[in-house]
Amino acid sequence: YESQAQAMIADGVLEQAMREKRFERALDEACETSYVMAEGFVRERWDTAAGDPYGVDPNTGKQVMEGDIVCDVLTPFDVAKDPRRKYGSWQWCIARDFRNKYDLAVRYPEYGSKLSKLSGEEEWEHTILGEPDEDETADVPVYELYHAPSEAMPEGRLVICASAECVLFDGPLPYDRIPVLRVSPSDVIGTS
C-alpha cells in the first residue's frame, strides 16, 4: 500500500512538472526537430538562479534562489559528440545554447567585464536561426561540456564556458548521467 501511495504521489509530481514547466511541449518540439533533422535533443539541467527566493548569502549579500530544473530543446547543430559512439554509450558531449551576456555578467561577476564585451554575431552565422538584427544581439553562445563518470574521471566533469577566457564552471558532473537525451524517429545503419 505504501509503495502504491508513493507511486501516485510521484505520478502527480511528474504530471505537474510536465504541465507547469512545459516539459511536454519540449518533448514535442524535440520530436518535431528529429523528424526534420533526423535527430533532436532535450537537455535537462539545474538552474541555480531559477525558482523562488530562498534567502540571502551572508558573504555577498545577494539573494539566493531555490533553483529549478530547466528543459532545453537542442538541434544537431547545438550538440557535439563522438560520432563513433552510439547514444547511450557517450562518454562526453558538448551542448550549446544562447544566453543573455548581461544576465551572465550579473551571475558571474568575476567575468563581468569580459562577458559584457562578448559578441554572439559570429555564432549566429553558423546556425539555422538566420541572421541577427542589425543591432548587436545580447545573446552569446554558452557551451556546456559533460563527461560521464569513467575510470579516468570517476566523478565525471562539467565545464561551462562562454569563451576561452570565461570558464564559468569547471568541476565534477553534478548529475548521475549526461543530461542530454537524444530523440530520433528511427536509427538507420550508416546514418545519423
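**Entry 1: the residue after α2**

I started at the end of helix α2, where Ala38 comes next with a positive phi, near 80°. (I take helices as DSSP runs of H or I with at least four residues, and strands as runs of E with at least two, numbered from the N terminus.) Ala38 has this positive phi although it is not a glycine. Most residues other than glycine have a negative phi. I placed Ala38 in the loop between α2 and β1 (40–47). Is Ala38 buried, exposed or partly exposed? At 29% relative accessibility, I count Ala38 as partly exposed. (Buried is under 20% relative accessible area, exposed over 50%, partly exposed in between, with a 1.4 Å probe and protein chains only.)

A note on what I am looking at: this is a predicted model, where local features need pLDDT of at least 70 and side-chain atom pairs count only at pLDDT 80 or more, while totals for chains, interfaces and linings use all residues. I number residues from 1 along each chain as its sequence is written, and side-chain values use heavy atoms, with hydrogens and water left out.

**Entry 2: α2 itself**

I then went back along α2, residues 23–37. On the buried list for α2 I have Phe23, Ala26, Ala30, Thr33 and Ser34. Down the axis of α2, these buried residues fall within an arc of 100°, so they line one face of the helix. (The arc is taken from the directions from the helix axis to the C-beta atoms.) An α-helix has 3.6 residues a turn, so residues three or four places apart point the same way. On the face of α2 turned away from the buried side I found exposed Arg25, Glu32, Tyr35 and Val36.

**Entry 3: the core**

I zoomed out: the protein has five helices and 10 strands. Of its 192 residues, 33% count as buried. Next I looked up the largest nonpolar core, which has 23 residues. (Such a core is a set of buried Ala, Val, Leu, Ile, Met, Phe, Trp, Tyr and Cys residues joined through side-chain atoms within 4.5 Å.) Leu104, Leu115, Tyr146, Leu168, Ile178 and Val180 have the most contacts inside this core. The elements giving two or more residues to the core are β6 (92–100), α3 (101–107), β7 (139–147), β8 (157–163) and β9 (166–171). Leaving aside neighbours within four places in sequence, I see Leu104 in contact (heavy atoms within 4.5 Å) with Arg99, Leu115, Val140, Val142 and Leu168.

**Entry 4: salt bridges**

How many salt bridges does a search of the whole structure find? It finds 14.

- Asp47 pairs with Arg107, with the closest N and O atoms 2.9 Å apart. Asp47 sits in strand β1 and Arg107 in helix α3, 60 residues apart. Asp47 is buried at 13%, whereas Arg107 is partly exposed at 32%.
- Arg96 pairs with Asp78 at 2.8 Å between the closest N and O atoms. Arg96 is in strand β6 and Asp78 in the loop between β4 (68–74) and β5 (79–81), 18 residues apart. Both Arg96 and Asp78 are buried.
- Asp82 meets Arg84 at 3.1 Å, N to O. Asp82 is buried at 12%, but Arg84 is exposed at 73%.

Conventions: Expected span 1.5 Å × (residues − 1). Salt bridge = Lys/Arg side-chain N within 4 Å of Asp/Glu carboxyl O.
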